[in-house]
Amino acid sequence: MVVDMCRDVTLRTRLMEAAGAVLLALGFIGIFLPILPTTPFVIAAAFCFSANPRMYAKIRDSPYFGEYLRAYKEGGTISRRTRVRAIAMVWIVMAVSVILLDASWLRAMLLVVCTVVTIHLLTIGRKMKNA
């Protein structure tokens, strides 16, 4: 029984690390690709890496991603530029998905998710200086 629990924890940790790596890669691409937001992916990756303190420390101390994570963690802030890019990307992806999907229940679900994400992005703390 203890061995099974250890395997579950290890499997869960590995899956979270894999998800974190994918999210971090998307965040990295977002640095160079204007329509892909960096901050939400970095925050999600940090959450995934929280099960592994070594990986979490690497992302927190990273010269590329540390600023995004620290700003959000310390004050729940993201810059206006990041906020606008994230909202635009969410709605662009949603629009493309709606065009490609046949099921109206999936379209409705996407609309709800996009609305909730947009409300979250509009209501989280704002930086005084906009980047």
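**View 1. The largest pocket has a volume of about 380 Å³.** This is a predicted model. In total, 24 residues line the largest pocket, and Pro 40, Ala 86, Val 90, Val 117 and Leu 121 are the closest to its centre. Helix α6 gives the largest share of the lining, with seven residues. As for class, 21 of the lining residues are nonpolar and three are polar, while no charged residues take part.

**View 2. Helices α2 and α3 cross at roughly 155°.** Their axes come within 8 Å of each other. Angles over 145 degrees count as roughly antiparallel, so α2 is roughly antiparallel to α3. Look for Val 42, Ala 45, Ala 46 and Phe 49 on the α2 side, which meet Pro 53, Met 55, Tyr 56 and Ile 59 of α3. This contact has eight nonpolar residues, with no polar and no charged ones.

**View 3. Helix α3 (residues 53-61) packs against helix α4 (residues 66-75) at an angle of about 100°.** Here the two axes lie 6 Å apart. The range for roughly perpendicular is 65 to 115 degrees, which means that α3 is roughly perpendicular to α4. From α3, the contact uses Tyr 56, Ile 59 and Arg 60; from α4, find Gly 66, Leu 69, Arg 70 and Lys 73. What classes of residue meet in the contact of α3 with α4? Three are nonpolar, one is polar and three are charged.

Note on methods:
Residues numbered from 1 in each chain as written. Predicted model: local features only at pLDDT ≥ 70, side-chain atom pairs only at ≥ 80, totals over all residues. Heavy atoms only, no water. Axes fitted to C-alpha atoms, helices over the stretch in contact; angles between N-to-C directions. Helix = DSSP H or I, 4+ residues; strand = E, 2+ residues; numbered from the N terminus. Parallel < 35°, antiparallel > 145°, perpendicular 65-115°, else oblique. Contact = heavy atoms within 4.5 Å. Nonpolar A, V, L, I, M, F, W, Y, C, P; charged D, E, K, R; others polar. 1 Å grid on protein atoms, 1.4 Å probe; cavity = no way out; pocket = protein on both sides within 12 Å on 5 of 7 lines; lining within 4 Å. Points joined across faces, edges and corners; volume = space filled by probe spheres on them.
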